[in-house]
Amino acid sequence: MNDHMRMMGGGMGGGAPGMAMGPAMVDMTERLEGRLAFLRAELRITDAQAPAWSAFADALRTSRKHLLEARQQMGQAYSSAPDRLERYEQHLSARLEALKSARTAFAKLHGSLDETQKRTADELVAPCIATF
């Protein structure tokens, strides 16, 4: 078990957010573009809503980039426990900023949606944001 898995509560059922546990441990962030395409289709984004949608999608892409960078850093060897804790703190800070950015972009998009779109977004979008 690597250091990151230990810090996340490792072992069976442990792991990083966005990771589906199973025989192959599928990284859910790899499916971002497909999930975005699905959400856009389900929300029936109009041309008028496209700029707000693009900002939201870009925020999720940036969030994914931060997550992948943090995972890479967490996988590196460090000389001491304080170094590992500092990297973990940096990871959590970056994730928080990415989540804030996604939330802000989603709030703008949500405000441009009609009532039917809002109901669909309320059901589908929050789980998507949490994994990136």
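A salt bridge is here a side-chain nitrogen of Lys or Arg within 4 Å of a carboxyl oxygen of Asp or Glu. The legends below describe close-up views of a predicted model.

**View 1. Salt bridge between E115 and K118 in helix α5.** The side chains of E115 and K118 meet with an N to O distance of 3.9 Å, which counts as a salt bridge because the cut-off is 4 Å. Both residues belong to helix α5, spanning residues 115–130. They lie three residues apart in this helix, so about one helical turn separates them. E115 has a relative accessibility of 53% and is classed as exposed.

**View 2. Salt bridge between E97 and K100 in helix α4.** In this pair the closest N and O atoms are 3.7 Å apart. Helix α4 covers residues 81–112, and E97 and K100 are separated by about one helical turn because they are three residues apart within it. E97 is partly exposed, with a relative accessible area of 48%. K100 is likewise partly exposed, its relative accessible area being 38%.

**View 3. Salt bridge between E33 and R61, linking helices α2 and α3.** The side chains of E33 and R61 form a salt bridge with an N to O distance of 2.8 Å. This pair connects distant parts of the chain, 28 residues apart: E33 is in helix α2 (residues 32–43), and R61 is in helix α3 (residues 50–74). E33 has a relative accessible area of 45% and is partly exposed. R61 is also partly exposed, at 34%.

**View 4. Salt-bridge network of E33, D58 and R61.** Salt bridges link E33, D58 and R61 in a network. By the rule applied here, the count comes to four salt bridges.

**View 5. The largest nonpolar core.** This core has 19 residues. Those with the most contacts inside it are W53, F56, L60, F106, L109, V125 and I129. Helices α2, α3, α4 and α5 each supply at least two residues of the core. The largest share, six residues, comes from α3.

**View 6. Surroundings of F106.** F106 is among the residues with the most contacts inside the largest nonpolar core. Leaving aside residues up to four places away in sequence, F106 touches F56, A121, V125 and I129. Of these partners, F56, V125 and I129 are also listed among the residues with the most contacts inside the core.

How values were computed
Residues are numbered from 1 along each chain as its sequence is written. This is a predicted model: local features need pLDDT of at least 70, side-chain atom pairs count only at pLDDT 80 or more; totals for chains, interfaces and linings use all residues. Side-chain values use heavy atoms; hydrogens and water are left out. Helices (H or I, at least four residues) and strands (E, at least two) are DSSP runs, numbered from the N terminus. Buried means under 20% relative accessible area, exposed over 50%, partly exposed in between (1.4 Å probe, protein chains only). A nonpolar core is a set of buried Ala, Val, Leu, Ile, Met, Phe, Trp, Tyr and Cys residues joined through side-chain atoms within 4.5 Å. Contact means heavy atoms within 4.5 Å.
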